[in-house]
Amino acid sequence: MQTIELTEAWLRGAVSVEANEAGLRPWRLPHHQLDLFFPELVDKAGEAAGVRVAFASDSATVELQVTAADQDRQFDLVIDDEFVSTGTLAAGEERCLFTGLPARMKRVELYLSQQAAVTVKALKIDDGASASPLPNDRPRWVTYGSSITQCVAAESPAQTWPAIVARSKGWDLTCMGYGGQCHLEPMVARVIRDLPADLISMCLGINVMGRGSLNIRTFRSAVIGMVSIIREKHPNTPLFLISPIYCPHRETDENTAGMNLVTMRDEIREAVRVLTSYGDEHLTYVDGLEVFGQAFADKLPDNLHPNAEGYKIMADRMLNQITL
């Protein structure tokens, strides 16, 4: 097999890519500005949710080489937007091999683990085969949210709800789902503002509810402020604000800041109403209960996070909610 030395052009779905002695490490924040962000957010931004090594190749075999980690990690093979298989690297392993690919030119995407940091060392393909980075020819979708957008409990990296929706729609995904860290920070809004995007969605509220990080005085203002920052460079980009999905113990019980999910959905809906009344014609409210409501409570094993089947249900129902 021949070794392909990778550059940043081969990686999709990263906000930035750090080149170090070991290889290329994708980040879901600007890696040269990490001190501007809360440490727990930085930790989650270092996990590779939604990031792919993406290329066109006629090779029947591909091998992804990564640095070793102290945990098991999954990597997915997707060909021409169709999920094919999952490879699991045990802790300490560095080579993920996929065989039996069609020996024709095709789109290949190797989804990196959504649960862990990954540093990519190299790509290997068959001798005599060719490979090149995929062109930037698809609508770019940026989606922001919590662990319910990062989807650690999904069956594998390509089977998170954002990944499924992106492939179904033919969109180029950048997933900014950060487990426990979706708190509507202005600095995150600036990151989204500065990214190329043809479509933006934001799932807001559940981490604010869990931490009590905003209250009735500040929550709607934070939603409006985040949208306003993004609109500085994306004035006409379709932007969808998605309220929290069903969570039985948080619907009406108040948190330490006096908020519950019923109130949060009302506040997000009102923020959208006010912003559209001031002329934002490209802003849409999506009710989280329409995406994942009480009928699917049995798919919430911890009464908060969907299981693998639940994330597939979310993807199926989100397809009609988020459109270009």
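In this predicted model, P186, V188, A189, R190, I192 and R193 of helix α4 are in contact with M226, I229 and I230 of helix α6. Sorted by class, this contact between α4 and α6 has seven nonpolar residues, two charged residues and no polar ones. Helix α4 covers residues 186-194 and helix α6 covers residues 219-231; their axes come within 8 Å and cross at roughly 30 degrees. Angles under 35 degrees count as roughly parallel, and α4 and α6 are therefore roughly parallel to each other. Their crossing is right-handed.

Within α4, the buried residues are V188, A189, V191, I192 and R193. These buried residues pack against α6, and also against α1 (39-45) and the strands β13 (140-145), β14 (172-177) and β15 (199-203).

On the α3 side the contact is made by W161, I164 and V165, and on the α9 side by Y311, K312, M314, A315 and M318. By class, the contact of α3 with α9 has seven nonpolar residues, one charged residue and no polar ones.

The two pairs are set out below.

| Helix pair | Axes come within | Crossing angle |
|---|---|---|
| α4 and α6 | 8 Å | roughly 30 degrees |

In α9, G310, Y311, I313, M314, A315 and M318 are buried. The elements that cover these buried residues include α2 (147-150), α3 (161-169), β16 (239-242) and α8.

Where is K299 found? K299 lies in the loop between α8 (288-291) and α9 (308-318). Is K299 buried or exposed? Residues under 20% relative accessible area are classed as buried, so K299, at 13% relative accessibility, counts as buried.

The side chain of K299 makes a polar contact with the side chain of D298, at 3.0 Å. Leaving aside neighbours within four places in sequence, K299 is in contact with F292, H305, P306, N307, E309, G310 and I313. Among these partners of K299 are G310 and I313, which are buried residues of α9.

Technical notes: Residues numbered from 1 in each chain as written. Predicted model: local features only at pLDDT ≥ 70, side-chain atom pairs only at ≥ 80, totals over all residues. Heavy atoms only, no water. Axes fitted to C-alpha atoms, helices over the stretch in contact; angles between N-to-C directions. Helix = DSSP H or I, 4+ residues; strand = E, 2+ residues; numbered from the N terminus. Parallel < 35°, antiparallel > 145°, perpendicular 65-115°, else oblique. Left-handed = near helix turned anticlockwise from the far one by under 90°. Contact = heavy atoms within 4.5 Å. Nonpolar A, V, L, I, M, F, W, Y, C, P; charged D, E, K, R; others polar. Buried < 20%, exposed > 50% of the residue type's maximum accessible area, 1.4 Å probe, protein only. Polar contact = N/O pair within 3.5 Å; in protein donor to acceptor, adjacent residues only side chain to side chain.
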